Amino acid sequence: MGRYHRRVAADAVRLSAELRTQFGDLDIYLFDQLLRGRFDHRRRLLDAGCGSGRNLPYFLRHGFDVHAIDTDPTAVQTVQQLAAALNPSISPARIHCGRIDAMPWNDAAMDAVVCSAVLHFARDERDFAAMIEEMWRVLAPGGLFFARLATSIGIERHLSAPTGRMRLPDGSERFVVDEPTLLGWSARLGGTLADPLKTTNVQNARCMTTWVLVK
């Protein structure tokens, strides 16, 4: 490899490192919402089912009023440590260990709720509904609801039913819903689709749909 190509390679490594420092492992579809200004004036953010905080570094670094919840105590501790490192003004108490269907925040407390790769872990339709209704409760009027979840959209012929808890072609077990279910929930909640439903088909092994509503 010549000097020019070594320099280009080194620059590329630096660029990817800078991007990772800035954005962490931010969901690319959530990044799209950032680019389009959906969070410019929505500063009170809840990550519902935060896991280890993969979607939070950007928001923590840029002074958002971040809250998070997860059922895994180890994940909650990890996010508390992440918040302490990136934005010490965030109280550890804002990172809560608990269930999405019974959250401690008041009605309309959040300007945005992010729920990435969580809803498909619902046990059944009732559990799915309880999580959605609780996230909607804490979202303020004009707030943004962002969800990514496994669906049957695009792989119906590979599944035993369009909705319900089932084993997907990739071997995982998920609670999946179809397009009418998501559109029905959008209408029932009184939300407005910020974007059309967008579904990524991973070689017919699973499909992930991005569902974004404005309250």
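**Reading a predicted model**

Mentor: Let us begin with a single side chain, and keep in mind that this is a predicted model. Arg36 counts as partly exposed, because its relative accessibility is 38%, and the label "partly exposed" covers what falls between buried, under 20%, and exposed, over 50%.

Trainee: With which residue does Arg36 form a salt bridge, and how far apart are the closest N and O atoms?

Mentor: The partner of Arg36 is Asp32, and the closest N and O atoms of the two are 2.8 Å apart. Asp32 also counts as partly exposed, since its relative accessibility is 27%.

Trainee: Which residues are linked with Asp32 and Arg36 in a network of salt bridges?

Mentor: The network takes in Arg38 and Asp195 together with Asp32 and Arg36.

Trainee: How many salt bridges does the structure hold?

Mentor: There are 14 salt bridges in the structure. One of them joins the side chains of Asp27 and Arg148, with 3.6 Å from N to O.

Trainee: Why does the pair of Asp27 and Arg148 tie together parts that are apart in sequence?

Mentor: The places of the two residues give the reason: Asp27 sits in the loop between α1 (3–23) and α2 (28–35), while Arg148 belongs to strand β5 (residues 139–151), so the pair connects parts that are 121 residues apart in sequence.

Trainee: Are Asp27 and Arg148 buried or exposed?

Mentor: Both Asp27 and Arg148 are buried. For another case, look at Asp170 and Arg206, whose side chains meet in a salt bridge at 3.9 Å from N to O. This pair also links distant parts of the chain, as Asp170 is in the loop between β6 (164–167) and β7 (173–176) and Arg206 is in strand β10 (residues 206–214), 36 residues apart. Asp170 is partly exposed, with a relative accessible area of 33%, and Arg206 is partly exposed at 34%.

Trainee: Let us turn to helices. How should I read which residues of a helix point the same way?

Mentor: The general idea is that an α-helix has 3.6 residues a turn, so residues three or four places apart point the same way. In helix α4, the residues Ala75, Val76, Val79 and Ala83 are buried. Seen down the axis of α4, these buried residues fall within an arc of 100°, so they line one face of the helix.

Trainee: Which exposed residues does the face of α4 turned away from its buried side carry?

Mentor: That face of α4 carries Pro73, Thr74, Gln81 and Ala85, which are exposed.

Trainee: Which residues of α2 are buried?

Mentor: In α2, the buried residues are Leu30, Gln33 and Leu34. Seen down the axis of α2, they fall within an arc of 105°, so they line one face of the helix. Ile28 and Leu35 are exposed on the other side of α2.

Trainee: How much space lies in the largest pocket, and which residues are the closest to its centre?

Mentor: The largest pocket holds about 250 Å³ of space. It is lined by 16 residues, and the closest to its centre are Thr71, Ile100, Val118, Phe121 and Met131. The elements that give two or more residues to this lining are β2 (65–70) and α5 (125–138). By class, the lining of the largest pocket has seven nonpolar, three polar and six charged residues.

Trainee: Where are Gln203 and Asn204 found?

Mentor: Gln203 is in the loop between β9 (198–202) and β10, and the place of Asn204 is in the loop between β9 and β10 too. Gln203 is exposed, because its relative accessible area is 78%, whereas Asn204 is partly exposed, with a relative accessible area of 26%.

Technical notes:
Residues numbered from 1 in each chain as written. Predicted model: local features only at pLDDT ≥ 70, side-chain atom pairs only at ≥ 80, totals over all residues. Heavy atoms only, no water. Salt bridge = Lys/Arg side-chain N within 4 Å of Asp/Glu carboxyl O. Helix = DSSP H or I, 4+ residues; strand = E, 2+ residues; numbered from the N terminus. Buried < 20%, exposed > 50% of the residue type's maximum accessible area, 1.4 Å probe, protein only. 1 Å grid on protein atoms, 1.4 Å probe; cavity = no way out; pocket = protein on both sides within 12 Å on 5 of 7 lines; lining within 4 Å. Points joined across faces, edges and corners; volume = space filled by probe spheres on them. Nonpolar A, V, L, I, M, F, W, Y, C, P; charged D, E, K, R; others polar. Arc of directions from axis to C-beta.
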